[in-house]
Amino acid sequence: MLDRRHLISAAGVVFGTALAWGGLALFWPGPAAGSGPAADGSASAAGLLVWPALLLLLMVLTVALARFATAAFDPLTDPESRFQRRAQRALSNSVEQTAVFVPAMLSAAALAAPGDIRLAGVMTGLFCVSRLLFWIGYLIHPYLRAPGMIMTLNVNAAIVGYAVYRALG
(Lines give C-alpha, C1' and ligand atoms only; values in the text may rest on other atoms or scores of the structure.)
Protein backbone atom coordinates (compact mmCIF):
# COMPACT_ATOMS: atom_id res chain seq x y z
CA MET A 1 0.00 0.00 0.00
CA LEU A 2 1.33 3.41 -0.92
CA ASP A 3 1.54 5.96 1.84
CA ARG A 4 2.01 9.71 1.67
CA ARG A 5 5.83 9.42 1.46
CA HIS A 6 5.62 7.25 -1.65
CA LEU A 7 3.19 9.64 -3.32
CA ILE A 8 5.37 12.67 -2.56
CA SER A 9 8.45 10.87 -3.89
CA ALA A 10 6.62 9.69 -7.01
CA ALA A 11 5.35 13.21 -7.69
CA GLY A 12 8.91 14.49 -7.25
CA VAL A 13 10.23 11.92 -9.72
CA VAL A 14 7.65 12.92 -12.33
CA PHE A 15 8.28 16.63 -11.74
CA GLY A 16 12.08 16.28 -11.85
CA THR A 17 11.99 14.14 -14.99
CA ALA A 18 9.69 16.63 -16.72
CA LEU A 19 11.97 19.51 -15.74
CA ALA A 20 15.11 17.75 -16.96
CA TRP A 21 13.78 16.60 -20.32
CA GLY A 22 11.73 19.74 -20.82
CA GLY A 23 14.85 21.82 -20.22
CA LEU A 24 16.84 19.63 -22.59
CA ALA A 25 14.19 19.92 -25.29
CA LEU A 26 13.79 23.65 -24.80
CA PHE A 27 17.46 24.58 -24.67
CA TRP A 28 19.14 21.87 -26.76
CA PRO A 29 21.28 23.73 -29.25
CA GLY A 30 20.43 23.62 -32.90
CA PRO A 31 23.08 23.34 -35.59
CA ALA A 32 25.64 26.12 -35.43
CA ALA A 33 27.11 27.73 -38.49
CA GLY A 34 30.90 27.99 -38.56
CA SER A 35 31.59 26.16 -35.29
CA GLY A 36 35.22 25.68 -34.39
CA PRO A 37 36.99 22.40 -33.77
CA ALA A 38 36.14 20.19 -30.80
CA ALA A 39 39.35 21.22 -29.03
CA ASP A 40 37.99 24.76 -28.70
CA GLY A 41 34.73 23.33 -27.43
CA SER A 42 36.53 21.20 -24.85
CA ALA A 43 38.20 24.29 -23.45
CA SER A 44 34.85 26.10 -23.32
CA ALA A 45 33.22 23.12 -21.60
CA ALA A 46 36.04 22.96 -19.07
CA GLY A 47 35.52 26.65 -18.34
CA LEU A 48 31.84 26.03 -17.64
CA LEU A 49 32.72 23.62 -14.85
CA VAL A 50 33.40 26.60 -12.60
CA TRP A 51 29.61 26.75 -11.97
CA PRO A 52 29.24 23.28 -10.43
CA ALA A 53 32.45 23.98 -8.49
CA LEU A 54 30.98 27.23 -7.18
CA LEU A 55 27.81 25.46 -6.12
CA LEU A 56 29.84 22.84 -4.23
CA LEU A 57 31.87 25.60 -2.59
CA LEU A 58 28.66 27.29 -1.40
CA MET A 59 27.47 24.01 0.03
CA VAL A 60 30.80 23.46 1.83
CA LEU A 61 30.61 26.97 3.27
CA THR A 62 27.03 26.36 4.42
CA VAL A 63 28.07 23.18 6.26
CA ALA A 64 31.09 24.94 7.76
CA LEU A 65 29.01 27.90 8.95
CA ALA A 66 26.42 25.54 10.43
CA ARG A 67 29.20 23.76 12.34
CA PHE A 68 30.51 27.08 13.56
CA ALA A 69 27.06 28.37 14.59
CA THR A 70 26.22 25.22 16.55
CA ALA A 71 29.77 24.58 17.84
CA ALA A 72 29.48 21.03 16.48
CA PHE A 73 33.12 20.81 15.45
CA ASP A 74 33.66 17.11 16.12
CA PRO A 75 31.36 15.17 13.78
CA LEU A 76 31.78 12.01 15.85
CA THR A 77 30.82 13.36 19.29
CA ASP A 78 29.19 16.78 18.95
CA PRO A 79 25.43 16.77 18.33
CA GLU A 80 24.45 18.15 14.94
CA SER A 81 21.29 20.07 14.17
CA ARG A 82 18.73 18.74 11.69
CA PHE A 83 19.73 21.53 9.28
CA GLN A 84 23.37 20.57 9.62
CA ARG A 85 22.71 16.87 8.92
CA ARG A 86 20.59 17.68 5.89
CA ALA A 87 23.11 20.19 4.53
CA GLN A 88 25.93 17.65 4.96
CA ARG A 89 23.96 14.92 3.21
CA ALA A 90 23.06 17.24 0.36
CA LEU A 91 26.73 18.18 0.02
CA SER A 92 27.85 14.54 0.03
CA ASN A 93 25.32 13.60 -2.64
CA SER A 94 26.26 16.63 -4.73
CA VAL A 95 29.93 15.64 -4.64
CA GLU A 96 28.95 12.15 -5.83
CA GLN A 97 26.78 13.51 -8.66
CA THR A 98 29.44 16.01 -9.69
CA ALA A 99 31.94 13.15 -9.88
CA VAL A 100 29.72 11.65 -12.60
CA PHE A 101 28.94 14.93 -14.36
CA VAL A 102 32.45 16.39 -14.74
CA PRO A 103 34.17 13.52 -16.60
CA ALA A 104 31.04 12.91 -18.66
CA MET A 105 30.91 16.59 -19.63
CA LEU A 106 34.58 16.66 -20.60
CA SER A 107 34.20 13.44 -22.60
CA ALA A 108 31.08 14.68 -24.35
CA ALA A 109 32.77 17.99 -25.20
CA ALA A 110 35.89 16.27 -26.54
CA LEU A 111 33.79 13.92 -28.70
CA ALA A 112 31.05 16.39 -29.71
CA ALA A 113 30.29 17.22 -33.29
CA PRO A 114 31.12 20.90 -33.90
CA GLY A 115 27.43 21.84 -34.02
CA ASP A 116 26.69 20.07 -30.74
CA ILE A 117 29.34 21.67 -28.53
CA ARG A 118 26.84 24.22 -27.25
CA LEU A 119 25.21 21.40 -25.31
CA ALA A 120 27.91 21.95 -22.67
CA GLY A 121 26.27 25.16 -21.51
CA VAL A 122 22.79 23.62 -21.54
CA MET A 123 23.88 20.57 -19.57
CA THR A 124 25.89 22.61 -17.07
CA GLY A 125 22.96 24.96 -16.48
CA LEU A 126 20.49 22.10 -16.02
CA PHE A 127 22.92 20.29 -13.73
CA CYS A 128 23.32 23.34 -11.50
CA VAL A 129 19.56 23.98 -11.40
CA SER A 130 18.91 20.35 -10.51
CA ARG A 131 21.50 20.44 -7.71
CA LEU A 132 19.96 23.65 -6.35
CA LEU A 133 16.50 22.07 -6.40
CA PHE A 134 17.90 19.04 -4.59
CA TRP A 135 19.70 21.13 -1.98
CA ILE A 136 16.76 23.44 -1.26
CA GLY A 137 14.30 20.55 -1.25
CA TYR A 138 16.47 18.55 1.14
CA LEU A 139 16.82 21.48 3.52
CA ILE A 140 13.02 21.94 3.59
CA HIS A 141 12.20 18.25 3.98
CA PRO A 142 14.00 15.08 2.80
CA TYR A 143 10.97 14.03 0.71
CA LEU A 144 11.28 17.24 -1.30
CA ARG A 145 14.73 16.34 -2.59
CA ALA A 146 13.22 13.96 -5.17
CA PRO A 147 12.66 16.47 -8.03
CA GLY A 148 16.27 17.67 -7.91
CA MET A 149 17.62 14.15 -7.52
CA ILE A 150 15.76 12.72 -10.48
CA MET A 151 16.51 15.81 -12.56
CA THR A 152 20.22 15.30 -11.81
CA LEU A 153 19.94 11.62 -12.73
CA ASN A 154 18.33 12.53 -16.06
CA VAL A 155 20.94 15.20 -16.85
CA ASN A 156 23.77 12.82 -15.99
CA ALA A 157 22.16 10.02 -18.01
CA ALA A 158 21.76 12.34 -21.00
CA ILE A 159 25.37 13.58 -20.95
CA VAL A 160 26.82 10.10 -20.37
CA GLY A 161 24.54 8.72 -23.08
CA TYR A 162 25.66 11.41 -25.53
CA ALA A 163 29.34 10.77 -24.77
CA VAL A 164 28.93 7.01 -25.20
CA TYR A 165 26.99 7.54 -28.45
CA ARG A 166 29.76 9.77 -29.82
CA ALA A 167 32.49 7.40 -28.58
CA LEU A 168 30.90 4.47 -30.37
CA GLY A 169 30.75 6.69 -33.40
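This is a predicted model: local features need pLDDT of at least 70, side-chain atom pairs count only at pLDDT 80 or more; totals for chains, interfaces and linings use all residues.
Trainee: Where does alanine 71 lie, and how does its accessibility count?

Mentor: You'll find alanine 71 in the loop between α3 and α4. Its relative accessibility is 44%, so alanine 71 counts as partly exposed.

Trainee: Okay, back to α3. What should its 21 residues span?

Mentor: Count 1.5 Å a residue, and helix α3 (residues 50–70) should span 30 Å. The end C-alpha atoms of α3 are 30 Å apart, which agrees.

Trainee: Which residues of α3 are buried?

Mentor: Those are Pro52, Leu55, Leu56, Met59, Thr62, Val63, Ala66 and Arg67. They cover an arc of only 135° around the axis, which puts them on the same side of α3. On the other side, Leu65, Phe68 and Ala69 are exposed.

Trainee: And α4 and α6: at what angle do their axes cross?

Mentor: Roughly 30°, with the axes of α4 (residues 82–111) and α6 (residues 146–168) coming within 8 Å. Angles under 35 degrees count as roughly parallel, and α4 and α6 are therefore roughly parallel to each other.

Trainee: Is that crossing left-handed or right-handed, and which residues make the contact?

Mentor: The crossing of α4 and α6 is left-handed. Among the residues making the contact are Val100, Phe101 and Leu111 of α4, with Met149, Ile159 and Tyr162 of α6.

Key. Residues are numbered from 1 along each chain as its sequence is written. Side-chain values use heavy atoms; hydrogens and water are left out. Helices (H or I, at least four residues) and strands (E, at least two) are DSSP runs, numbered from the N terminus. The expected span of a helix is 1.5 Å times one less than its number of residues. Buried means under 20% relative accessible area, exposed over 50%, partly exposed in between (1.4 Å probe, protein chains only). The arc is that of the directions from the helix axis to the C-beta atoms. Axes are lines fitted to C-alpha atoms, for helices over the stretch in contact, and angles run from 0 to 180 degrees between N-to-C directions. Angles under 35 degrees count as roughly parallel, over 145 as roughly antiparallel, 65 to 115 as roughly perpendicular and the rest as oblique. A crossing is left-handed if the near helix is turned anticlockwise from the far one by less than a right angle, and right-handed if clockwise. Contact means heavy atoms within 4.5 Å.
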